[in-house]
Amino acid sequence: MSAAKRTRTEETQKAAGSRLFSPYRALGYVTSNVAHSIQHLGQTAYITTAIGRSYHVYSVEKLRLAFVGPRLESDIVSILSIGEETFVSAGGHVHICRRGKITGELEFVDRGSITHMMAFGTHILAISGDNALVVWDKDSHEVLTEIEFEREVFQVTAVVHPSTYVNKVVVGSAQGTLQVWNIQTRRCLHEIRSLGAGIACLAQAPAIDILAVGLLDGRIHLHNVRTDRSVMQLAQEGRVTALSFRTDDIPMMATANGDGDVALWDLNSKRLVHVMQGAHDGSVPSIDFLAGQPVLVTSSADNSIKQWLFDGQDGVPRLLRQRSGHFAAPQTIRYYDDEGRSLLSAGRDRSLRYFSVIRDEQNVELSQGSLAREARARKTKVSELRFPPITQFAASSGRAKDWDNVLTCHQGVKAAYTWSVERRALGKFTVESADGSLVRAVAVSACGNFGFLGHASGVIEMVNMQSGYSRRSFTGHTKPVTGIECDSCNQQVFSISLDGTLRIWDFATAAELLRIDLPSPPTRLAVHRESGLLACVCDDACVRVVDPESQRIVRRFAGHRNRITDLSFSNDGRWLVTCSLDSTIRTWDLPTGHMVDWFRVESVPVSVAFSPSGDFLASAHMDSVGIFLWANRTQFAEVTLRQINPEIGDELAAVVPMPTTAGLADDDEHIDDGVGPEAAGVYLTPEQLTDNM
């Protein structure tokens, strides 16, 4: 091939992008470290949370997702909901959204990031990045006034509007002082002396003239603004991040800190009632008591929203409902059912989660027991009592209603644990390693009756999932087992090990049937049970496909520039999808042995799973807490595949934008398959209805 022709071919492949997959939607995003906003429409309350460059609107009653906001150009730093309008601050601009669509924008002020937005009658007030207060008219969207402060003397950190104070706001500073301002006349009416520490947050108490002031050193001051006197002083552990008061005639205040704890205070007796230790696994930027109800809503940087109900006499709340996702990136994802409607995901947050592709409210973490109660008894954090990170897991939905159907092995643990997806909880059995070595790999048979444990010693142990008893052992490997699979008829067991071999065992007798020496130590194993093909990832960044019938390596796929992190067969066994630390996801055609599709993503992919129904490819990424779905174009369009040279540099792979939580609204992207309708002699009817009609 000539140099000019090779250049044209590479440019075409770069421009084409992914022919097979298009971004569809993202799962598992709930909230972030941006404070939420609660608004009421009639009798219904809604909570708005920011998630990166978009936002979600949930109904407070059931925490059901009502709307998904548009994707903005920058991350959201502040959000405010008033009626049906949502004001979103991102990249120095304040966008106005209604029912998930951008309808306008507040007048731009070149003052950096806009934070701490709050409603102020018919005005909107916010703190700018250059230490100023900016006030807009909510209806005309114009800037009414700007009040600047000297950062060395008064660095603005919080602002609140005292009830019944016309045109007046109280501003808190990092120096610990408070100032009362009239925004109409732009005059400072009064300054309250420093409270001894920087002010983190402010809140209006149910009593007129009383403000709650949360400080960076953990102290809470209840201060009378009119008389400039301190009414009450309390203290908690850690800096105060949020404050809220009950409004149902019970004098209680809730405060949150940066460690995820929420403290409850009895204002009559001026004492601490209860500390909800480990209420969240991250900082709590906002808490709110619902108006007139004994319900506390908390949101956190751990990607969760929780509602706490106060229905006991002791003032200790119970968890009413929650929406949550991973708060650290998922490491391994696998489809759970045969219809492709649900996924299981293990993350670096040391949790195992169930995700529904159809209904987001069914997403849940599989329980590890009463960790909160045990943490209180041991006086420790809930996160310290979780299992170590899951290194591998396997599941079968065949006997899900009868007994435990998930098996997991964990980092540095000499045992495997069973789980029940039906009960959404940890199972009955802890299967200890027979020889005292670490468990490095697990598998579950297609029928769901048997589980397999691969040990660091090289021994493979088969256990009964119903009883937890060991049935037989497979011995032969001399180094740690890295992958185990079983065929669909319980005839053969496949395993790989760091000793550089792939072995096939007889299921019933544990006898070794075949040994294949691989050129490089294998690290991952996948099987397509209908065709019987095996695919193993090796340390030399190659994937080797083995046919057990012919007992030889039938395909070798090389092209990744870095370590391959995961692989998955398509539902029909025709494609093999791999992902790597080189940030590419590649598709290999097994009948021809060619690479037929590739694309690069912004975040390094660590796991992929092809849907059993063939409609989606799911992926997990190194610095994202969500799971991303990619639509298989061949399910709804005619796609022509061509051979792609896998040796082409990664810089030529098209960067495909990541799916968003809003889903695929429309597909304006055109993929050049090289066969246009005109070239094929097909007449296309001109568009009869346009968007302007």
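Author: In this predicted model, strand β52 (residues 584-589) pairs with β53 over six bridges, in the antiparallel sense.

β53 is mostly covered. Five of its seven residues are buried.

Now widen the view to the sheet. It is open and has four strands, in the order β50-β51-β52-β53, with antiparallel pairing. Its edges are β50 (564-569) and β53 (594-600). Each has a single partner strand, so one side of each is left without a neighbour in the sheet. From one strand to the next, the twist averages 20°. Strands of a sheet pair through backbone hydrogen bonds, either parallel or antiparallel.

β50 pairs with strand β51 (residues 575-580) in the antiparallel sense, over five bridges. Phe569 stands opposite Leu576 in β51.

Next, follow the chain out of β53. The loop between β53 and β54 holds Ser603. Is Ser603 buried or exposed? Its relative accessibility is 6%, and the cut-off for buried is under 20%, so Ser603 counts as buried. Which residues does Ser603 touch, leaving aside its neighbours within four places in sequence? The contacts are His621, Met622, Asp623 and Ser624.

In total, 40 residues line the second largest pocket. Nearest its centre lie Arg334, Tyr335, Glu485, Val527 and Arg529. The space in this pocket is about 1,200 Å³. By type, its lining divides into 19 nonpolar, 13 polar and eight charged residues.

Rolling a probe the size of a water molecule over the atoms shows where empty space is left. How many cavities of 30 Å³ or more does a search of the whole structure find? The search finds one. The largest cavity has a volume of about 100 Å³. Its lining has 15 residues, and Gly28, Tyr29, His56, Arg323 and Asp360 lie nearest its centre. Elements that give two or more residues to this lining are β1 (21-27), β4 (54-59), β5 (64-68) and β29 (318-324). β1 gives the most, with three residues. The lining of the largest cavity divides into seven nonpolar, five polar and three charged residues.

Back to sheets, with another one to set beside the first. This open sheet also has four strands, in the order β22-β23-β24-β25, with antiparallel pairing. β22 (240-245) and β25 (271-276) stand at its edges. Each has a single partner strand, so one side of each is left without a neighbour in the sheet. Here the twist averages 20° from one strand to the next. Strand β24 (residues 262-266) pairs with β25 over five bridges, in the antiparallel sense. Ala263 stands opposite Val275 in β25.

Arg376 sits in helix α2 (residues 371-378). Is Arg376 buried, exposed or partly exposed? Arg376 is partly exposed, with a relative accessible area of 44%.

Strand β8 (residues 93-98) and strand β9 (residues 101-105) pair in the antiparallel sense, over four bridges. Arg98 stands opposite Lys101 in β9. This hairpin has two residues between its strands. Arg99, in the turn, has a positive phi of about 55°.

Technical notes
Residues numbered from 1 in each chain as written. Predicted model: local features only at pLDDT ≥ 70, side-chain atom pairs only at ≥ 80, totals over all residues. Heavy atoms only, no water. Pairing = 2+ DSSP bridges. Axes fitted to C-alpha atoms, helices over the stretch in contact; angles between N-to-C directions. Buried < 20%, exposed > 50% of the residue type's maximum accessible area, 1.4 Å probe, protein only. 1 Å grid on protein atoms, 1.4 Å probe; cavity = no way out; pocket = protein on both sides within 12 Å on 5 of 7 lines; lining within 4 Å. Points joined across faces, edges and corners; volume = space filled by probe spheres on them. Nonpolar A, V, L, I, M, F, W, Y, C, P; charged D, E, K, R; others polar. Contact = heavy atoms within 4.5 Å.
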